[in-house]
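Trainee: I would like to learn how to read a model like this one. Can we go feature by feature?

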Amino acid sequence: MLKRIFLLLVFFQSFLPASFVGATIIHHFTGTAVEGSSPSGSLILEESFLYGMTTNGGSLNAGVVFKVQVDGSNFQILHSFSGGTGDGAYPRGSLCSVGSYLCGMTSRGGSNGRGIIFKIKKDGTGYSVLRSFRGGAGDGEGPTGSLLADGEILYGMAVYGGSFNDGVLFSINLDGTNYKIIHNFRGVGDEGKQPQGSLILNASTLFGMTTYGGAYGRGVVFRINTDGSSYLNLHEFTGEADDGGSPEGSLVLSDSVLYGMTRYGGDADKGVIFKLSVNNGDYEILHEFGEGTDGAYPMGSLCLSGSTLYGMSSSGGEFGKGIIFRIKTTGSGYEKLHEFRGSSSDGSRPYDSLISIGSLVMGMTHDGGLGNKGVVFAYSLMSYCVPHFMADGNVYTALALRNSSKTDAMKVTINYFSNAGSLVQMQAVSPSVPARGQWTSILSPDAAAEGWIEINADQDLTGLCWIGSLDGVDLWPVTMADVPVVRDLSTELIIPHVAQNDNWDTTIYVCNPNDGIANIALSYYDASGVALHSWVFALSKRGSGVYPLKNLLPAGESYSNGSIEITATKSVAAFALYYDTERRGGSCFAGITAVEPRR
């Protein structure tokens, strides 16, 4: 009866782009006359559309302005740059939104061939060049960053030009009037030069970075008032092992603390993440890139969501094509979320930044995808995993999910993975789970008697999973054990109680939801804290392991209590099944959740 009730709930198998399973490509650039290629900047979100630019592609291969909906539909070219004296070419930054207009810059083109400032309406009409850079002592040249809007005043930087040909900081009105140089970078003494990133604004103070200059020649963090007064270096990068060097991106400001990245510096000279207090100048490195398969050479900026920073590196990772990562503002919890492969089904070499949209982070890569011309992608942060499922004979797994949103329906996709890491089946819950609604079903993948489950949703959820055995007569469950639905993975976990003797059996289950191999160590401690045994295993990417203690312990050894400590090279999830061997031949069990240690 119980089984029949559950089976009334219907699954259908399909792929839902809006549920964004892991890292999902929503658009492949092709580089044709009606497409862009090789994006170097970031996206912006306006209503339901993403807007961005590519450095190449379009009718004259000089780049485009485009828009696409968040689910990847309705891709449109708003403008193809033509270069020459009448238009810009090769944009390398991002757009900014000012009312009904999008504003941006190109690194080349215009009447002097040294880049332009432009605006265009969000429907693609009203394109106009606001200024053609002239270079020389009186103007900037070759901007690679983005504009910042304060009302209808735009602020920006150019890499070259100005009194010392080391770049300028400028302002201009949205209608193209009142262009003025606010600051000439001079690159001598302790001042910076050649700013490649963008500005941020707090009240009447602008903050930014230069890629070079300063006392050590490796760039600076600076502040300056919008009227050009009170220029001050907040930090001068040394490029040494204990500091960053040559930043190419922009800053993020939160609670009087600036966060940013440098392309070089740190022990491996592959870049760092840092924070800097605006109030007292305290400077701290949060992470150094480059160890093992870590990311390397970040060229963009960070994205702040709550107390978590998200970002990308242009290189590094298992495949050498860059990574997506996250880290807490305290410097703890650094984790690789995705390693770009650079194949036709994944991006490669992201040069700029992510944007946060609810439960997603979205961005672009310069290469990869079909034709290797770059992609627009989404990465879902609403991923959960169930460390183990069983579906054979008289053992079943059931799952209940509750939509935490009070207003929005929830789309859910469930992926079954075998222990070896193969995707066995993808199922989409239909219809969507209503706000505050709940969905329940017995899980029955087409193949694989056991493995682990990945759950992707576009809303936050709470979940419960349980494994039960049936008595084979009336299909009522006689034993059940809870299995955790895990959102926060960890590289350190503890199973607080295990036993292995004539009365009790314990089996440990560990799943690796990552795109690379995870090496794990299981360490058995007795009640007094003495280490008894340790075992080391390698979990394949997206694979899982099943470890019965009776198979791990030497013959004749038994224990009535103790705990298991799990350490891993990648964040994993785990739990244990605890069997009573004296009842029903070992079919009575309880689930024990692995928890992260609190220090």
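Mentor: Start with one residue. Gly-63 lies in the loop between strand E6 (56–57) and strand E7 (64–69). Helices (H or I, at least four residues) and strands (E, at least two) are DSSP runs, numbered from the N terminus. This is a predicted model, where local features need pLDDT of at least 70, side-chain atom pairs count only at pLDDT 80 or more, and totals for chains, interfaces and linings use all residues. Residues are numbered from 1 along each chain as its sequence is written, and side-chain values use heavy atoms, with hydrogens and water left out.

Trainee: Is Gly-63 buried or exposed?

Mentor: Buried means under 20% relative accessible area, exposed over 50%, partly exposed in between (1.4 Å probe, protein chains only). Gly-63 counts as buried because its relative accessibility is 0%.

Trainee: Which residues is Gly-63 in contact with?

Mentor: Contact means heavy atoms within 4.5 Å. Leaving aside neighbours within four places in sequence, Gly-63 is in contact with Thr-54, Thr-55, Asn-56, Gly-57, His-79, Ser-80, Phe-81 and Pro-91.

Trainee: How is confidence read, and what is the mean pLDDT of the protein?

Mentor: pLDDT is the predictor's confidence in each residue, from 0 to 100. Here the mean is 89, and 92% of the residues reach 70 or more.

Trainee: Where does pLDDT stay under 50?

Mentor: Over residues 1–21. The model has 50 contacts beyond four places in sequence for that stretch. Where pLDDT is low, the predicted coordinates should not be read in detail.

Trainee: Now the whole chain. How many helices and strands does the protein have?

Mentor: Two helices and 58 strands. The C-alpha trace spans about 90 × 50 × 40 Å along its principal axes.

Trainee: What does the radius of gyration say?

Mentor: It is taken over C-alpha atoms, and the globule rule is 2.2 Å times the number of residues to the power 0.38. For 599 residues, a compact globule would have a value near 25 Å; the protein has 27 Å, which agrees. Buried residues make up 57% of the 599. Among contacts between residues at least 6 apart in sequence, 55% join residues at least 24 apart.

Trainee: How many positive and negative side chains are there?

Mentor: Lys and Arg count as positive and Asp and Glu as negative; His and the chain ends are not counted. A charge is placed at NZ of Lys, CZ of Arg, CG of Asp or CD of Glu. The protein has 39 positive and 55 negative side chains, and the centres of the two sets lie 6 Å apart.

Trainee: Back to loops. Where is Leu-43 found?

Mentor: In the loop between strand E3 (36–37) and strand E4 (44–46). Leu-43 counts as buried because its relative accessibility is 3%. Its contacts beyond four places in sequence include Leu-50, Phe-66, Ile-355, Met-362 and Val-376. Ser-38 is also placed in the loop between E3 and E4.

Trainee: What is the phi of Ser-38?

Mentor: Near 60°, a positive value in a residue other than glycine. Ser-38 is buried, with a relative accessible area of 9%. Ser-246 likewise has phi near 60°. Ser-246 is placed in the loop between strand E27 (244–245) and strand E28 (252–254), and is buried at 3% relative accessible area.

Trainee: Which residues does Arg-263 contact?

Mentor: Beyond four places in sequence, Ser-246 is one of them, and others include Glu-248, Lys-270 and Tyr-297. Arg-263 lies in the loop between strand E29 (257–262) and strand E30 (264–265). Arg-263 counts as partly exposed because its relative accessibility is 22%. Arg-263 and Thr-211 are 52 residues apart in sequence and 9.2 Å apart in space, C-alpha to C-alpha.

Trainee: And Tyr-334: where does Tyr-334 lie?

Mentor: In the loop between strand E37 (323–328) and strand E38 (335–339). Tyr-334 counts as partly exposed, at 24% relative accessibility. Its contacts beyond four places in sequence include His-287, Phe-289, Asp-294 and Arg-326.

Trainee: Last, peptide geometry. Which residues does a cis peptide bond join?

Mentor: Ser-430 and Pro-431, with omega about 0°. Pro-431 is placed in the loop between strand E47 (423–429) and strand E48 (438–443).
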